[in-house]
Amino acid sequence: MSQRRAEVYAMRFQKVLDHIEQHLDQSLSMDALCDIAGFSRFHFHRQFADYIGITVARYILLLRLRHASYQLAFDPKVKIIDIALNAGFETPESFTRAFGNIFGQSPSAFRKNPDWEAWHVVYGFRLPEGNKIMQVEIVNVETTMIAVKEHRGAPDKLNHSVGDFIAWRKQTGSSPKNSSRTFGIAYDNPDTTEPSAFRFDIAGEIKTDIAVNEQGIVVKSIPGGRCARVRHHGSHTRIGESIYPLYREWLPESGEELRDFPLYFHYVNLLPETPEAELITDIYLPLK
């Protein structure tokens with residue numbers, strides 16, 4: 001397959017993946033997905049499985065259960081029955097059965113003590129990189145004081161650190177999520193770094209110093225300066241679609257040089273209250 005044909009093929013699947021993410025709360029017929037992709041109904045299932053690594057039905061189920069997982073772990077006020085209905089299940093029993101079959105835990109057990117390592121294995125498939133149009137801005141940012149939960153270790157344990165940061169935020173009120181920006185600082189690429197060496201900071205903007213705390217939250221800062229900024233729309237799991245072109249295409253052509261600070265994210269809105277398809281993340285690449 002020529003490069004141009006491969007790009008067109010990827011763009012057709014990109015439309016399907018975008019449509020699925022944006023309509024998870026609705027019925028998703030195979031005929032409609034075939035029409036969006038422009039693929040034959042006789043071959044679509046096999047093409048999807050070959051391209052993504054799992055069947056289209058399982059992919060849709062996993063996306064629905066992923067958002068349910070975030071609600072269970074990070075939003076204890078939402079009742080399990082409401083999570084089940086929002087995930088498209090007719091009864092809590094069918095939701096519990098499907099959730100247990102996929103993750104090996106009941107929804108109530110996951111809420112109490114989520115096994116993120118097993119969860120991460122389920123979502124271990126890597127989506128092929130898309131071909132989205134990238135719009136890069138050069139912006140000047142001010143130095144920002146942040147409270148940080150340092151995650152050090154395998155990416156499949158990252159959500160444990162996220163849970164610690166959320167717990168600290170709720171307990172102290174020092175970085176309220178509705179009035180303080182939330183950041184992620186990516187010291188390493190999870191695709192090329194040994195799991196034990198992976199480093200990522202989960203952070204929230206603060207105005208004053210913080211007290212010693214049981215979650216191990218520490219104070220750092222994001223230095224001010226020039227940055228290239230790209231806005232990513234949609235799931236955090238597909239953020240590579242915006243990151244890799246920034247490094248591979250924009251940076252070499254721009255003539256810019258990188259500053260000695262890692263790429264970082266500003267999460268404009270947050271899970272689990274925001275559906276994954278509606279997430280907005282600004283990506284900052286520090287420049288000299």
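1. Let's start with lysine 77: at 70% relative accessibility, this residue counts as exposed. Keep in mind as you look around that this is a predicted model. Lysine 77 forms a salt bridge with aspartate 75, and the closest N and O atoms are 3.4 Å apart. Is aspartate 75 buried or exposed? Aspartate 75 comes in at 15% relative accessibility, so it counts as buried, because the cut-off for buried is under 20%.

2. Next, have a look at lysine 220, which makes a salt bridge with aspartate 201; here the closest N and O atoms are 2.9 Å apart. Lysine 220 sits in strand β5 (residues 218–222) and aspartate 201 in strand β4 (residues 199–205), so this pair ties together parts that are 19 residues apart in sequence. Lysine 220 is partly exposed at 24% relative accessibility, whereas aspartate 201 is buried, with a relative accessible area of 0%.

3. Some salt bridges share partners, and that is how Asp18, Glu21, Arg238 and Glu241 get joined into one network. How many salt bridges turn up in a search of the whole structure? That search finds 22.

4. Another one to click on is arginine 41 with aspartate 31: this salt bridge has its closest N and O atoms 3.1 Å apart. Arginine 41 is in the loop between α2 (30–37) and α3 (44–52), while aspartate 31 is in helix α2, so the two are ten residues apart and the pair links distant parts of the chain. Arginine 41 counts as partly exposed at 42% relative accessibility, and aspartate 31 is partly exposed too, with a relative accessible area of 45%.

5. Now for the rings. The whole structure holds 29 aromatic pairs. One of them is phenylalanine 99 with phenylalanine 110, an edge-to-face pair with 5.4 Å centre to centre and 75° between the planes. Why does this pair tie together separate parts of the chain? Phenylalanine 99 belongs to helix α6 (residues 92–103) and phenylalanine 110 to helix α7 (residues 107–112), so the parts being tied are eleven residues apart in sequence. Both phenylalanine 99 and phenylalanine 110 are buried.

6. Those two phenylalanines also belong to one aromatic cluster, whose members include Tyr70, Phe74, Phe89, Trp116, Trp119 and Tyr123.

7. Finally, a word on the annotation. An unreviewed UniProt entry lists residues 14–113 as "domain: HTH araC/xylS-type". In the model, that span is 70% helix and 0% strand, and its end C-alpha atoms lie 35 Å apart.

Technical notes
Residues numbered from 1 in each chain as written. Predicted model: local features only at pLDDT ≥ 70, side-chain atom pairs only at ≥ 80, totals over all residues. Heavy atoms only, no water. Phe/Tyr/Trp six-rings, centres within 6.5 Å; stacked < 30°, edge-to-face > 60°. Helix = DSSP H or I, 4+ residues; strand = E, 2+ residues; numbered from the N terminus. Buried < 20%, exposed > 50% of the residue type's maximum accessible area, 1.4 Å probe, protein only. UniProt positions renumbered as here; feature names shortened; annotations may be inferred. Salt bridge = Lys/Arg side-chain N within 4 Å of Asp/Glu carboxyl O.
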